[in-house]
Every structure is written in structure tokens, then in C-alpha cells.
Amino acid sequence: MKAAFLLLAAGSVLIAQVGQYPPGQYPPGQYPPGRDPRDNGPGMPFPGRGSKKTTEQKDAPAPTKTFSGVIRVVEDKSFDLETTDTRILTIQVSDKTTKPKELKTGDGVDVETTQDIDGMFHAVSIKPNAQVAKKINGSDQQAAHEERTVAPPTILVRPDQTLDEGDAGPPKLKRGVPSDYAAQAKREEEERAAAPATAPPPAPPAPDIPPPKPADSRKAFIEKARGVAAAYIDGLPNYVCQEFATRYFSETRVPSWNVADVVSAEVVYENRKESYRNIAINGKATKKAPEETGAWSTGEFGTILKNLFEPATDADFRYRESDTIAHLPASVYKFAVTRPRSNWKIWTTGQYIIPAYKGSVWLDKQNANALRIEMQAAEIPEEFPLISVESAIDYQYISLGTPEKFLLPVRAEVLSCERGSNRCERNVIEFRNYHKFTGQSTIKFNEK
């Protein structure tokens with residue numbers, strides 16, 4: 001079975017959505033449809049690609065596996081279980097399930113499950129386990145992020161994978177300034193060097209004030225970036241743009257990327273919410289959600305940026321270097337976010353994780369806006385189907401037909417690799433043709 005996954009941005013379900021898909025807002029109260037809308041964070045799903053069962057598979061008894069953990073969300077016919085290895089499983093319950101009279105959030109349980117061919121978990125029996133409840137609920141780290149509906153995973157922090165000698169591991173996204181930015185900056189530098197020299201204007205006298213300590217100024221700059229990010233979403237007008245996601249896959253040890261398909265859609269941002277409309281795959285209209293047909297990600301329209309700088313995330317920023325990106329001078333900071341403070345949701349069929357993550361951010365030196373964010377998931381549980389997940393987003397100042405320009409995403413990449421195989425999936429996403437969006441209204445008069 002090939003994995004299906006969704007990467008959801010940390011924070012709210014503002015992770016990339018507005019329009020009518022299907023009729024009514026997408027998602028209509030849940031994202032993905034029928035799944036947990038409680039992700040507080042950036043996210044990214046990998047859609048399932050199920051395979052047909054053979055006669056032998058249908059007749060064979062389903063193997064069972066028991067998970068110990070704490071119930072985090074209870075629905076009519078399912079519940080979310082935070083397991084001791086930090087995964088959160090969505091487990092289906094039926095009339096045949098042996099279970100206590102009532103299931104409550106915070107209960108510790110042992111759940112005997114089966115897993116179907118699509119990866120969904122089904123409960124055979126549920127038994128109370130007070131010891132595991134005390135172990136997980138009593139963790140000093142659980143209250144670290146009270147804003148998140150789903151409690152953060154806090155048990156069994158696992159180190160990153162170890163590799164055999166000579167094994168480079170899964171492929172990685174290219175780090176640093178995109179090559180098209182770097183090439184254009186080099187051309188401009190060569191043009192300036194070839195231009196006739198002119199005498200520079202005299203520099204103003206330096207003020208007789210000692211400069212601030214570097215550590216203090218860099219800390220103050222990060223605080224400025226926090227304020228800018230906090231106001232970011234509130235300052236965006238209603239707009240619409242086109243999104244094109246080219247989805248690639250590779251099944252070789254040395255990556256050889258093959259195009260799977262191209263998903264296009266209009267993204268409407270209205271009243272601080274996003275939705276999709278006119279979704280097409282390879283130019284043909286479809287009623288399927290993008291995550292049902294391949295890897296998909298959300299959060300590019302500000303959720304990832306906003307949550308990275310939220311005080312509750314408590315990201316550890318460390319200055320790295322100065323750089324130039326999108327023709328602008330930038331300060332590059334490394335960052336790291338611990339699992340209890342994370343909001344990045346990575347979803348696969350039947351389960352998801354909220355991992356620790358690390359990366360780099362390029363901040364416009366003039367106004368502290370984020371121009372590029374790179375993120376890599378860390379401490380992924382050993383039984384999670386994906387062994388590596390990372391993303392990168394580039395922002396630029398875009399005009400929406402007015403003199404004022406707004407910081408908006410122009411390009412993003414997402415890369416994930418399955419555990420125990422050479423299969424990797426890579427999405428290259430472009431956002432084009434931004435313009436203001438004005439809702440239309442129709443007035444009708446009663447006819448007599």
C-alpha cells in the first residue's frame with residue numbers, strides 16, 4: 001500500500017482553504033472531509049492510494065495489535081488515541097467492540113486493534129489502563145501548549161534515524177536561496193560592476209552613540225518579527241490567486257523524479273479564511289479533494305509563518321548569517337521547536353503526529369518580514385509510515401492592483417519519504433495571478 005499523507009500547518013485550520021469545493025465551504029467544517037478538524041497547526045496530508053485485496057487477503061484473519069495510550073478526542077464512532085510513542089491514532093469503534101460503558105477524554109486505555117488495507121484502525125476491545133493515563137497525563141510537559149485542543153505528544157522522544165556507513169539517507173530539499181533568485185542577483189551584480197563608476201555621496205557623520213550589543217539587537221529583531229507575524233493575517237485583504245502543484249514521485253535509491261500529475265485550483269482568501277474552487281487534475285475538473293489523489297499540504301498562506309513566531313511556540317532562534325533573497329538583504333536565523341510546543345501536523349491514513357521541527361528563516365532586514373521558511377520534521381516515531389518530511393516556502397511582496405504591496409507566498413516545496421522503501425513524494429507549488437477578491441451579491445424582489 002502506498003502511503004497517503006497530509007501536512008497541516010500549525011495553528012488553526014486556516015491552513016489553506018475558501019471557495020466552494022464541493023458546494024459549500026471546503027472543508028465543510030472538517031479538513032480533510034470526515035477527518036479531524038482539530039489540527040491546530042500547519043499540516044500536510046498524503047492521500048491514500050489503496051490496492052485491491054486478493055481472495056486470500058479477504059479470507060485471512062486480520063492480525064491484531066494492542067496500543068496503550070490516552071484518549072484525546074471522542075466522536076460517535078471513533079476516538080483519537082495518543083500512544084506512548086507520540087503518534088495519535090484515529091480508531092474506529094463499532095457495535096462489536098468490547099469497551100467500557102463510557103469513553104472520556106483523558107482516560108488511559110489499552111486498545112486491541114486491526115488495521116484495514118487502507119490503513120484505518122478498528123477497535124476490537126478497549127480496556128482501562130490507569131497507569132498509562134498517569135504516566136502521560138502527569139507529564140510536566142503536557143501543559144506546555146494549553147491552546148492546542150489535541151494534547152501534545154510527550155512520551156518516548158526518539159532520536160533521529162541512524163544510517164549505515166555510506167548511506168546518505170532519504171533525499172533532502174535544496175537548502176538556501178532558490179537558484180533563480182541567486183542567478184538573477186548575480187546578473188544584477190555583474191551589470192552594476194560593468195556600469196560607469198560614479199562618486200558615492202559623502203557619508204553622514206556617525207552619531208556619537210555606542211552601537212548595541214549584537215546579541216541584544218538580534219533578539220530585538222526577532223521580537224520585531226514576532227509582532228509583524230502576529231499582525232500578518234489581520235492585515236491581509238480579500239484576494240484570489242491560482243495555485244499549481246506539480247506532484248512528483250521517485251522509487252529509486254538515487255532519486256529520479258517522475259511527474260505524477262498537476263493539480264490546479266483557485267484559492268480564495270475571504271474574511272481571513274481560505275477555500276478552493278475550480279479544482280482540476282491535469283486540466284480536467286474533479287470533485288475529489290486533492291489529498292484523496294496524492295500528497296497535499298496546507299498552511300502556506302500565513303499559518304506556518306504566524307505560528308512559528310507565536311510566543312506559545314517558543315521557537316529557539318539563533319542568528320546564522322546575512323544573505324540576499326528576492327533582491328532584498330535578509331538576516332538568516334536557524335530555529336528549533338520542541339514537540340510539546342509544536343503545531344505542525346503530519347497526517348497519514350488513520351494516524352498523525354505533531355513532531356518537533358527545525359529549520360531556517362530569511363527575514364527582510366528592513367521590516368522583519370519572513371521571505372523564506374525551511375522546516376524539517378524531527379524525532380519522527382519509528383512506527384510512523386513516513387521517515388522524513390520537510391518543506392520550504394518563499395514569500396514576496398505582491399501588488400493586488402493597488403500601490404500597497406502585501407507579503408504573499410509565491411512558491412513552496414514539500415518532500416516526504418516512506419519508511420522501509422525508496423518511495424518519496426515531492427510537491428512543487430506555485431501561486432500566481434494574485435488580485436483582489438470582491439464577493440458578489442444579488443438582490444431579488446418578490447414578484448406579485
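Phe-221 and Tyr-333 are both buried (under 20% relative accessible area, with exposed over 50% and partly exposed in between; 1.4 Å probe, protein chains only). The model is predicted: local features need pLDDT of at least 70, side-chain atom pairs count only at pLDDT 80 or more, and totals for chains, interfaces and linings use all residues. Residues are numbered from 1 along each chain as its sequence is written, and side-chain values use heavy atoms, with hydrogens and water left out.

**Aromatic contacts**

- The structure holds nine aromatic pairs, a pair being rings of Phe, Tyr or Trp (its six-membered ring) with centres within 6.5 Å; planes under 30 degrees apart count as stacked, over 60 as edge-to-face and the rest as tilted.
- The rings of Phe-221 and Tyr-333 are stacked, because their centres are 6.4 Å apart and their planes stand at 25°.
- This pair links distant parts of the chain, with Phe-221 in helix H4 (residues 214-232) and Tyr-333 in strand E14 (residues 328-337), 112 residues apart; helices (H or I, at least four residues) and strands (E, at least two) are DSSP runs numbered from the N terminus.
- Phe-309 and Phe-317 form a stacked pair, at 5.1 Å centre to centre with 10° between the planes, and both residues are buried.
- Phe-309 and Phe-317 also belong to one aromatic cluster with Phe-335, Trp-344 and Tyr-357.

**Charges over rings**

- The charged end of Arg-372 sits over the ring of Trp-362, 5.8 Å from its centre; the criterion is NZ of Lys or CZ of Arg within 6 Å of the ring centre and within 35 degrees of the ring normal.
- Arg-432 lies over the face of Phe-244, at 4.4 Å from the ring centre.

**Sheet**

- Eleven strands form an open sheet in the order E11-E10-E9-E8-E21-E20-E19-E18-E17-E14-E13, with antiparallel pairing; two strands pair if DSSP finds at least two bridges between them.
- Strands E11 (284-285) and E13 (316-325) stand at the edges, each with a single partner strand, so one side of each lacks a neighbour in the sheet.
- Strand E8 (residues 239-250) and strand E9 (residues 258-270) run antiparallel and are joined by eleven bridges, and Gln-242 stands opposite Glu-266 in E9.

**Salt bridges**

- The count comes to 20 salt bridges, each a side-chain nitrogen of Lys or Arg within 4 Å of a carboxyl oxygen of Asp or Glu.
- Lys-65 and Glu-383 meet in a salt bridge at 2.5 Å, N to O.
- Lys-65 lies in strand E3 (residues 65-74) and Glu-383 in the loop between strand E18 (370-378) and strand E19 (386-399), so the pair ties together parts that are 318 residues apart in sequence.
- Lys-65 and Glu-383 are linked with Asp-85 and Arg-87 in a network of salt bridges.
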